[in-house]
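The questions below go through one chain, taking its contacts and its fold in turn.

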Amino acid sequence: GTVLDLPPEPPHRLPALGEWPTPLAPGDRVSSAPATLRVAASMDAALLHRISAFRSRDEVALELRDGGTVQYGSPTALPRKNLELVRLLRWVRRQGIEIDTIDLRVPDAPTLDPVGEQAISPSPFP
């Protein structure tokens, strides 16, 4: 919980975590992690590699490196949301579909909006 250093920008291999609620300086202590950090900490390295940035206002949103956004919602049901995100990302890669938006706010009923007029089969998810 102690800030050691603040790089001018995050390393390119790590996603940006958005703005902190208050400015931080080396030596400051962080008592509670923002929602974006809690979501990022719940993901494995392979999933983090697919994400370029985390954003948060009322809810967490993710920007994907290959394009598209993920409406992640509140930092709850993290393992379930991460599992569904991995499954959807694998499926769109196999199908060759470009992502406009993935909505994980209800992890038991995720949705995918493709870019443009791309067709999606009626039962895409095993």
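Q: Which residue forms a salt bridge with Glu-59, and what is the distance between the closest N and O atoms?
A: In this predicted model, a salt bridge needs a side-chain nitrogen of Lys or Arg within 4 Å of a carboxyl oxygen of Asp or Glu. For Glu-59 the partner is Arg-105, and the closest N and O atoms are 3.8 Å apart.

Q: Which parts of the chain does the pair Glu-59 and Arg-105 tie together, and how many residues apart in sequence are they?
A: Glu-59 sits in the loop between β1 and β2, while Arg-105 sits in the loop between β4 and β5. The pair therefore ties together parts whose separation in sequence is 46 residues.

Q: Are Glu-59 and Arg-105 buried, partly exposed or exposed?
A: Buried means under 20% relative accessible area and exposed means over 50%. Glu-59 has 40% relative accessibility, and Arg-105 has 39%. Because these values fall in between, Glu-59 counts as partly exposed and Arg-105 likewise counts as partly exposed.

Q: Which residue forms a salt bridge with Arg-105 at 2.5 Å between the closest N and O atoms, and is this partner buried or exposed?
A: The salt bridge at 2.5 Å joins Arg-105 to Asp-103. Asp-103 has 15% relative accessibility, and the cut-off for buried is under 20%.

Q: How far apart are the closest N and O atoms in the salt bridge between Arg-55 and Glu-63?
A: Arg-55 is partly exposed, with a relative accessible area of 38%. Glu-63 is also partly exposed, at 31% relative accessibility. The closest N and O atoms of this salt bridge are apart by 3.3 Å.

Q: Which residues make up the covered face of β2?
A: In a regular strand the side chains alternate between the two faces of the sheet. In β2, Ala-61 and Glu-63 belong to the uncovered face. The covered face is made up of Val-60, Leu-62 and Leu-64.

Q: In what sense does β2 pair with β1 and with β3?
A: A hairpin of 3 residues joins β1 to β2, and Ile-51 stands opposite Leu-64. On the other hairpin, 4 residues lie between β2 and β3, with Gly-67 in the turn at a positive phi of about 105°. Val-60 has Gly-73 in β3 as its bridge partner. The pairing with β1 over 5 bridges is antiparallel, and the pairing with β3 over 4 bridges is antiparallel.

Q: What is the order of the strands in the open sheet, and which are its edge strands?
A: The 5 strands have mixed pairing: β3 and β4, for instance, pair in the parallel sense over 3 bridges, with Thr-101 in β4 as the bridge partner of Thr-69. The order is β1-β2-β3-β4-β5. Each edge strand pairs on one side only, and the edge strands are β1 and β5.

Q: What covers the buried residues of α3?
A: The buried residues of α3 include Leu-78, Leu-85, Trp-91 and Val-92. Among the elements that cover them are α1, α2, β2, β3, β4 and β5.

Q: What distance separates the end C-alpha atoms of α3?
A: α3 has 18 residues, and at 1.5 Å a residue it should span 26 Å. Just after α3, Gly-96 takes a positive phi of about 70°.

Notes
Residues are numbered from 1 along each chain as its sequence is written. This is a predicted model: local features need pLDDT of at least 70, side-chain atom pairs count only at pLDDT 80 or more; totals for chains, interfaces and linings use all residues. Side-chain values use heavy atoms; hydrogens and water are left out. Two strands pair if DSSP finds at least two bridges between them. Helices (H or I, at least four residues) and strands (E, at least two) are DSSP runs, numbered from the N terminus. The expected span of a helix is 1.5 Å times one less than its number of residues. Buried means under 20% relative accessible area, exposed over 50%, partly exposed in between (1.4 Å probe, protein chains only). Contact means heavy atoms within 4.5 Å.
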